[in-house]
Amino acid sequence: MNFGFSAEQDELRAMVRRFLEDKSPESEVRRLMATTEGYDPAVWSQMAQELALQGLAIPEEFGGQGFGPVELYVVFEEMGSALYCGPYFSTVALAATALVNSGDESAQRAFLPGVADGTTIATVALTDESGNWDLAATSTMAVRRGATWSLRGVRSYVTDGAIANLILVPAMTESGLSLFAVAGDAPGLVRESLDTMDQTRKQSRLTLNDVPGTLVGEEGHATAGLEATLHTAAAMLAAEQVGGAQRVLDRAVEYAKSRVQFGRPIGSFQAIKHKCADMLLDVESAKSAAYYAAWAAQEKNDELPIAASLAKSFCSEAYFHCAAENIQIHGGIGFTWEHHAHLYFKRAKSSELFLGDPAYHRELLAQRLGI
């Protein structure tokens, strides 16, 4: 077991960091979060065509690079650090992973090349109005009508649902939970953007009124693939949270060194030292948990369900604590709209709830460990 990164992975990190420093500075994050779409199509295309980031973990036979979750971990950590605004998580961590896990080669050949070349923005509509992440609680229904399928129901809190041109929808059929591909412009599909605290990650409410869908995988056998997708996505979200936590720690330490009060840097005060030390402990512990989850996903290890829930639970709380302490260390200026601290605080809170909050994942951990 090796938790060190290879030279190639370090170079990938450096490349992504340089790209995001140029394309996703704070000024651009603020501009994009104020738009309806929430991303820059030109940057999205450049990511696919020049950096091949969308196809990084897609098998080569479907137009991708054939790498795995560890390489994705590197990318997501850097994106979390930069607060990247764009549909990368929904398209890559959720939709592409779900397609790969579906085992449906025809669906993979139909959809994955478009994801890899940047022409397809995709997402998975995982929850209904209740916001329940339990797949068994899916309320959307699918009915076969001759050679086609018709979907009816409401999916809510769908990440990038308003801009996706491919939406994967879990729905119940007579045989059980199944997965369906729905076009973004399908007849009967109504998409409504939601007002959220964190505008760097757009969410939508989708109403399906007898919407035509294409079955992905076998009817009634979608649960295993979707659960595997959620495990990998939780590991990738933990990577994002690590990147954000590291960034706010760095900003807090930088400010503590430069801000002078009572004739000395505030970093020399014991209370500030303790806050920074606690943040460092959170960040390093979160890295260990997230690294292990990424490794388990890469190896398709039996421990992935446990490692993913452990990482998601711990990294959620670590990121939120660091983001809150960053505001405290900055004092009054940290509460203002113009300061970066509140952007990370809002992302930390939304990420804490996304894919299930810490209490939800601790309950999953208890069940999986037989406690």
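User: How do the residues of the lining of the second largest cavity divide into nonpolar, polar and charged?

Analyst: They divide into five nonpolar, one polar and three charged. Ala, Val, Leu, Ile, Met, Phe, Trp, Tyr, Cys and Pro count as nonpolar, Asp, Glu, Lys and Arg as charged, and the others, Gly among them, as polar. Before going on: this is a predicted model, where local features need pLDDT of at least 70, side-chain atom pairs count only at pLDDT 80 or more, and totals for chains, interfaces and linings use all residues. Residues are numbered from 1 along each chain as its sequence is written, and side-chain values use heavy atoms, with hydrogens and water left out.

User: Which residues line the second largest cavity?

Analyst: The general idea is that rolling a probe the size of a water molecule over the atoms shows where empty space is left. On a 1 Å grid over the protein atoms alone, a cavity is a set of points where a 1.4 Å probe fits but cannot get out; a pocket is an open set with protein on both sides within 12 Å along at least five of seven lines; lining residues have an atom within 4 Å of a point. Here the lining consists of Leu20, Lys23, Ser24, Glu28, Leu32, Asp40, Val43, Tyr84 and Cys85. Helix 1 (7-23) and helix 2 (26-33) are the elements that give two or more residues to this lining. Helices are DSSP runs (H or I, at least four residues), numbered from the N terminus.

User: How much space lies in the largest cavity?

Analyst: About 100 Å³, where a volume is the space filled by probe spheres set on the grid points, joined across faces, edges and corners. Of its 13 lining residues, Tyr84, Gly86, Thr200, Arg201 and Arg347 are the closest to the centre. The lining divides into five nonpolar, three polar and five charged residues.

User: Which element gives the most to the lining of the largest pocket?

Analyst: Helix 5 does, with five residues. The pocket holds about 440 Å³ of space, and Pro69, Asn101, Thr232, Ala297 and Lys300 lie nearest its centre among 21 lining residues. By class, that lining has 13 nonpolar, seven polar and one charged residues.

User: How far does helix 9 reach from its first C-alpha to its last?

Analyst: The expected span of a helix is 1.5 Å times one less than its number of residues. Helix 9 has 27 residues and reaches 38 Å, close to the 39 Å expected. Gly331 follows helix 9, with a positive phi near 75 degrees.

User: Where are the two rings of the pair Phe320 and Phe345?

Analyst: Rings of Phe, Tyr and Trp (its six-membered ring) pair if their centres lie within 6.5 Å; planes under 30 degrees apart count as stacked, over 60 as edge-to-face and the rest as tilted. The structure holds eleven aromatic pairs. Phe320 and Phe345 form a tilted one, at 5.1 Å centre to centre and 40 degrees between the planes. Phe320 is in helix 9 (residues 304-330) and Phe345 in helix 10 (residues 340-353), 25 residues apart.

User: Why does Phe320 count as partly exposed?

Analyst: Buried means under 20% relative accessible area, exposed over 50%, and partly exposed in between (1.4 Å probe, protein chains only). Phe320 counts as partly exposed because its relative accessibility is 24%.

User: What sits over the ring of Phe320?

Analyst: A charge sits over a ring if NZ of Lys or CZ of Arg is within 6 Å of the ring centre and within 35 degrees of the ring normal. The charged end of Lys349 sits over Phe320, 4.9 Å from the ring centre.
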